[in-house]
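Visitor: Hello! Could you walk me through this one, a step at a time?

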Amino acid sequence: MTEIDWSRRVTLAARWVIPGDGRVLSPGCIELDDGVVSDLYESPSRQLSASDRRREQVVDLGDAAIIPALINAHTHLEFSDLASPVTPACPFAAWIRQVIATRRRRVHSIQEAVQQGWAEVCRAGGGFVGEICTDNSAADELQRVGCEGVIFRELLGLSDEAIEKQMEFARQFLQGSVFGPGIQEPPDPKARILKRGLSPHAPYSVHPELFVQLIEFACETSVPVAMHLAETTEELQLLTDRSGPLVDLFEEMGLWRPQLFEASRRPKHYLDQLAETTRALVVHGNYLDESELRMLVEQKSMTLVYCPRTHHQFGHRDHPWLKLRKAGGRVVIGTDSRASNPDLNLFAELQWLHSRHPEVAPLQYLKMVTVDAATALGLPAETGSLFVGMVPRLAVVRWPESRGPVNVTDLLTGGIFRQSTLHQLWLGGSICTD
């Protein structure tokens, strides 16, 4: 564990510093005064005066890369105590049945599971999450353990009675924010960044009137919204002609009400309303059509969240993320949960994705889990990059070989995306891992 004396000026030196603004500083230095970045520069060496040497501590990280802490845009940390994904993954209705059964027989509390999940995110270089929670106590626990990012309260129900109950949950949840119901930015740059938002679960699980009221409430309070949308063919079948495995599931559960689902409806119906909010995450979007993808390009407040290994686990068709990015839309990456993924490691997501799409520039992949993800979640710009005036939230990545890569392409494709190991994670001046 590196010992830091924060009463002195601290300079972090490494073979590479990637601030997140397109630059690569090699060798790079990050200078901090009182725990706040005062300078970033590229310099092989510096001549220090005697007085500088007395008041400056240089931490030489050697053959490593300093990058912004990663932002995991979509998680369900309550499943972090699972040793392996829930099966079978297909058909989707069968998977939902198993998820419900898993919740009922869980051994650990939700608080224990989310704490375990946040620790796993940090061990994998993540500093922020877009978390979906089903219980207010989970949000309280994440706040207690120092989680940063946005916590979305999941809300769902198909009965008329569920509408007011779920709206009350939403009101209570936003009132519990550390920044108040309006979710104001923290005035102190050293303060933790933890916002709250709302998550109408999915078209098949939210009463139409509940969805409308949640969107109106999100607009009134200017909070971000996340919704699972166009996730499966079963969802589209339900929306299109009120048939399929989800109908069978709802009949089995005593929840089926055909009048709640208008025939020939597409995900665009929900996109139109999500577009009214300050910021919206469209989670998964595996089966969006051309017009719906165009809408995501045009609506700059909306972002598609792609969960690569979860998408693969369910055997979906090729995801439209690359088409959307080429058209100018914003795409960010999430791990989803351990109910559909073997771990919560964003590096592993990037490795998997890069192995299938090596034509995408390495820095663009990194941007999807840093700068773009910060924009998507409505977080301050410093959460996805490194610049003067911020408290460092960064990951230090090194390689197992004694001789590291020689250029930025090797650095990312051969290092971070294939064989790198997280050395340290610094959040708000504290070293969280080693």
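Guide: Gladly, and please keep in mind that this is a predicted model. Let us begin with helix α3, where Ile110, Ala113, Val114, Gly117, Trp118, Glu120, Val121 and Cys122 are buried.

Visitor: How many residues does α3 have, and what is its reach from first C-alpha to last?

Guide: Helix α3 covers residues 110–123, which makes 14 residues. At 1.5 Å a residue, the expected reach is 20 Å. The model comes close to that, with a first-to-last C-alpha reach of 20 Å.

Visitor: Which residue just after α3 takes a positive phi?

Guide: Look just past the end of the helix for a phi of about 90°. The residue with that positive value is Gly125.

Visitor: Is strand β8 largely enclosed or exposed?

Guide: Buried here means under 20% relative accessible area. Eight of the eight residues in β8, residues 126–133, are buried, so the rest of the structure leaves this strand largely enclosed.

Visitor: Which residue in β9 is the bridge partner of Cys133?

Guide: Strands β8 and β9 run parallel and are joined by five bridges. In β9, the partner of Cys133 is Arg153.

Visitor: Is Cys307 buried or exposed?

Guide: The cut-off for buried is under 20% relative accessible area. Cys307 has 3%, so this cysteine is buried.

Methods. Residues numbered from 1 in each chain as written. Predicted model: local features only at pLDDT ≥ 70, side-chain atom pairs only at ≥ 80, totals over all residues. Heavy atoms only, no water. Buried < 20%, exposed > 50% of the residue type's maximum accessible area, 1.4 Å probe, protein only. Helix = DSSP H or I, 4+ residues; strand = E, 2+ residues; numbered from the N terminus. Pairing = 2+ DSSP bridges. Expected span 1.5 Å × (residues − 1).
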